[in-house]
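Q: I have a structure here that I have not seen before. Can you walk me through it?

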Amino acid sequence: MLKPGEFYQRDREWHPPAYAPDYKTSVSRSPKYSLISLENTASEITGPVFGHNDIDPIDNDLLSNYAKPGESPIGERIILHGRVLDENGRPVLNTLVEIWQANAGGRYRHKKDTYLAPIDPNFGGCGRTLTDENGYYYFRTVKPGAYPWRNWVNNWRPAHIHMSIFGTAFAQRLITQCYFEGDPLIARCPIVNTIPDPEAIERLVAPLDLNATIPLDSIAYKFDVVLRGRRSTLFENRLEGN
Amino acid sequence: MPQKLDYLKETPSQTAGPYVHIGLAPGAAGFDIYRQELGWDIAGPNAEGERIRVEGIVIDGTGSPVKDVMLEAWQANSKGVYAHPEHPGEVEEGFRGWGRVITDFETGEWGFDTVKPGPVPGRSGTMMAPHINLWIVARGINVGLNTRLYFSDEAEANAADPVINLIEWENRRQTLIARRMDRDGQIVYRFDIRLQGENETVFFDI
């Protein structure tokens, strides 16, 4: 019988490097020494498990999870949906997906954000859900606005939604950002461009998904996430080697 | 041309940014939205073993505290069992072994309460010294950083730990050892994390 084993090593040339000087904050926050490569132990192939008692059904609906009764946030109503898969192409089931974002004007509901665009009284800006038995998730929200940030004098973040995904193991833990097809700011963003491979950047751009729109209601974007895959072993599920 | 391998590529990481709290700890961002936020109780009320507090600060390469960092902790219970279906053994009801830790926005200090984990089986029949796995994200950190916190009162187990012994430079191993102290009867471990510079913490590619 095949049993799950270690995770495939992370491709560090595909991910952004720690030190990426055009994203200035990374300069003093990047370790100088090499990471110590660790073969997986029980500490890495396990990770927290979440269930439906941890969250509420409304948590994935950013159009209503902070809105006053009968009201809704300003902005373009969108559905953000997709699947969480592993590198073997298998769906990752019942895994926690959390998102956060600015409102349609590009303002975050955060005590440290002082951008002059207004707070939307009906928009919190966060959501969470568990993938279903096919690894599928969806959120309803508004499309976030672009906003300026301090890096060079004139930097603007492309519209984006932050996403946190767990998988089944601490080794799969991932935070990333989802961008939207057709945004001219993507190619100009120093944070996007920390990723060296243009093909890797494309993986973070959600295409318009007309099939998933709700006519006369919400437009849809599809964003699939891939987490690290695992070896299958014919042997006893015991991790060997040093 | 050979056939194509049909593996998918992992989604590339991006920084959690300065407003990670909105999504993962909205109370700290300044608003109340969920019935319950996740990750505030690592061990739960029924956990056996020694109750401890862990405190620290994350310091950047200029020597300044990092005030917008978020850490996640992942640990076994006092018997060395992870709350995960693939790990043999039982954990106490309510023990998740996972938690979220954010810093004070003014000082950068952080802390969490838990129980001290037990030793965990390593590879090839070895035992790993008690440790807490940490994952660190923040603005300016492009891929979350993994490290491990070990305990100063476990000198013998630490000396035999197969992961600590992978670190070729013996003087760097001490960056993973949290210092135990007694504060008015409460056991506190101090664990400062240096992202860069003198005594840079050892980070792992797991």
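**A strand and its neighbours**

A: This is a predicted model. One place to begin is a strand pairing: β4(A) and strand β9 (residues 160-165) of chain A run antiparallel and are joined by five bridges. Within that pairing, Gln101(A) stands opposite Ile161(A) of β9(A).

Q: What does β4(A) have on its other pairing, with β5?

A: Strand β5 (residues 126-130) of chain A is joined to β4(A) by five bridges, and the two run antiparallel. Here Glu98(A) faces Arg128(A) of β5(A).

Q: What holds strands like these together in general?

A: Strands of a sheet pair through backbone hydrogen bonds, in a parallel or an antiparallel way.

Q: Is β4(A) buried or exposed?

A: Buried. Six of the six residues of strand β4 (residues 96-101) of chain A are buried, so the strand is largely enclosed by the rest of the structure.

Q: Which residues cover which side of β4(A)?

A: Leu96(A), Glu98(A) and Trp100(A) lie on one side, and Val97(A), Ile99(A) and Gln101(A) on the other; all of them are buried, and both faces of the strand are covered.

Q: What sheet do these strands belong to, and in what order?

A: An open sheet of five strands in chain A, ordered β5-β4-β9-β10-β11, with mixed pairing. At its edges are β5 and β11 (205-206) of chain A, each of which pairs on one side only.

Q: How many bridges join β9(A) to β10?

A: Six bridges, in the antiparallel sense, between β9(A) and strand β10 (residues 174-180) of chain A. His160(A) has Tyr179(A) in β10(A) as its bridge partner.

Q: What does UniProt list for residues 80-108 of chain A?

A: The UniProt entry, which is unreviewed, lists that stretch as "domain: Intradiol ring-cleavage dioxygenases". In the model, residues 80-108 of chain A are 0% helix and 45% strand, and the end C-alpha atoms are 19 Å apart.

Q: Switching to the whole chain. How many helices and strands does chain A have?

A: Chain A has three helices and 14 strands. Its radius of gyration is 19 Å, close to the 18 Å from the globule rule for 242 residues, so chain A is as compact as a globular protein of that length. The C-alpha atoms fill a box of roughly 55 × 40 × 35 Å along the principal axes.

Q: What share of chain A is buried?

A: Buried residues are 55% of the 242 in chain A. The accessible surface of the chain is about 11000 Å², with 54% of that on carbon and sulfur atoms. As for contacts between residues at least 6 apart in sequence, 72% join residues at least 24 apart.

Q: And how many residues does each chain bring to the contact between A and B?

A: Chain A gives 95 residues and chain B gives 80 residues. Arg29(A), Ile36(A) and Phe170(A) supply 11% of the area that chain A buries against chain B, more than any other three residues. Between them the two chains bury about 7900 Å², 55% of it on carbon and sulfur atoms.

Definitions and conventions. Residues are numbered from 1 along each chain as its sequence is written. Chains are lettered from A and ligands numbered from 1 in the order in which they are written. This is a predicted model: local features need pLDDT of at least 70, side-chain atom pairs count only at pLDDT 80 or more; totals for chains, interfaces and linings use all residues. Side-chain values use heavy atoms; hydrogens and water are left out. Buried means under 20% relative accessible area, exposed over 50%, partly exposed in between (1.4 Å probe, protein chains only). Helices (H or I, at least four residues) and strands (E, at least two) are DSSP runs, numbered from the N terminus. Two strands pair if DSSP finds at least two bridges between them. UniProt positions are given in the numbering used here, feature names are shortened, and annotations may be inferred rather than shown by experiment. The radius of gyration is taken over C-alpha atoms; the globule rule is 2.2 Å times the number of residues to the power 0.38. Contact means heavy atoms within 4.5 Å. Accessible areas come from the Shrake-Rupley method with a 1.4 Å probe; for residues, only the protein chains shown count as cover. Buried area is the accessible area (1.4 Å probe) that two parts lose on being put together, summed over both.
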